[in-house]
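Subject: Structure handover

Hi,

Here is the structure for you to look at. Please open it first, then read my notes below.

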Amino acid sequence: MIKIEDLKRINMLSDMPDHLLKIISEVAQLNIYDKDSPLFSQGENIDIFYMIVMGQVALKVPLDEDTDVIFDILQAGRSLGSSAMFSDPEASYTAICQEPCEIITLKGKTLRELFNDNKELGYYLMAGVASQYKRNMDRRLRMILKTLERHPELQHRVKY
């Protein structure tokens with residue numbers, strides 16, 4: 001059983017009421033992963049939702065067969081694999097531990113059952129996913145705008 005205090009340290013769960021966190025704490029597991037452990041690879045079905053308690057996880061996509069691009073490094077408090085909340089999701093990136101990690105995991109099937117059994121829990125989880133997605137997209141937009149500002153010659157390639 002996971003401590004409610006540990007779940008509260010996960011950004012997308014920080015506003016969730018304790019009675020809902022208790023439900024999650026009863027079905028979640030704490031796992032320890034070594035450095036360089038893959039959590040999932042691009043193209044694989046994702047069946048686990050991950051919440052980082054300690055450590056760093058790199059998210060990367062292949063640029064070509066010899067080069068991977070790391071597009072994010074997730075720290076403690078972040079989560080990944082939210083598509084496990086849906087049936088047969090496919091990973092759009094690869095996730096690899098950059099150092100030893102403690103990660104709370106929830107199976108996708110268990111999450112879907114929780115959604116069906118408790119609509120309030122489903123609401124809070126999906127609101128957390130939506131908020132996390134918006135933050136990620138806002139950050140990526142700022143990166144794109146900063147790149148266009150520094151390299152105005154690229155602006156003609158952007159289609160509105």
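Predicted model: local features only at pLDDT ≥ 70, side-chain atom pairs only at ≥ 80, totals over all residues.

**The whole chain**

The chain has four helices and eight strands. Read along the sequence, they run α-α-β-β-β-β-β-β-β-β-α-α. The C-alpha trace spans about 55 × 35 × 30 Å along its principal axes. There are 160 residues, and 37% of them count as buried. Take the contacts between residues at least 6 apart in sequence: 73% of these join residues at least 24 apart. The accessible surface is about 9800 Å². Carbon and sulfur atoms account for 51% of that surface. As for charge, there are 20 positive and 24 negative side chains. The centres of these two sets lie 5 Å apart.

**Helix H3**

Now go to H3, residues 108-117. Gly108, Leu111, Leu114 and Phe115 are buried there. What covers the buried residues? The cover includes helix H2 (18-27), strand E3 (48-54), strand E8 (101-107) and helix H4 (119-150).

**Two loop residues**

Start with Ser37. This residue sits in the loop between strand E1 (29-33) and strand E2 (38-40). Is Ser37 buried or exposed? Ser37 counts as buried, because its relative accessibility is 17% and the cut-off is under 20%. A polar atom of the Ser37 side chain lies 2.8 Å from the backbone oxygen of Asp34. Leaving out residues up to four places away in sequence, Ser37 touches Ala95, Ile96 and Cys97.

Next comes Glu44, in the loop between E2 and E3. Glu44 has a relative accessible area of 38%, so this residue is partly exposed. Setting aside neighbours within four places in sequence, Glu44 is in contact with Pro89, Glu90 and Ala91. Tyr123 is 79 residues from Glu44 along the chain, and their C-alpha atoms are separated by 27 Å.

Best wishes

Key: Residues numbered from 1 in each chain as written. Heavy atoms only, no water. Buried < 20%, exposed > 50% of the residue type's maximum accessible area, 1.4 Å probe, protein only. Polar contact = N/O pair within 3.5 Å; in protein donor to acceptor, adjacent residues only side chain to side chain. Contact = heavy atoms within 4.5 Å. Areas by Shrake-Rupley, 256 points an atom, 1.4 Å probe, with all protein chains shown as cover. Lys, Arg positive; Asp, Glu negative; His and termini not counted. Charge placed at Lys NZ, Arg CZ, Asp CG, Glu CD.
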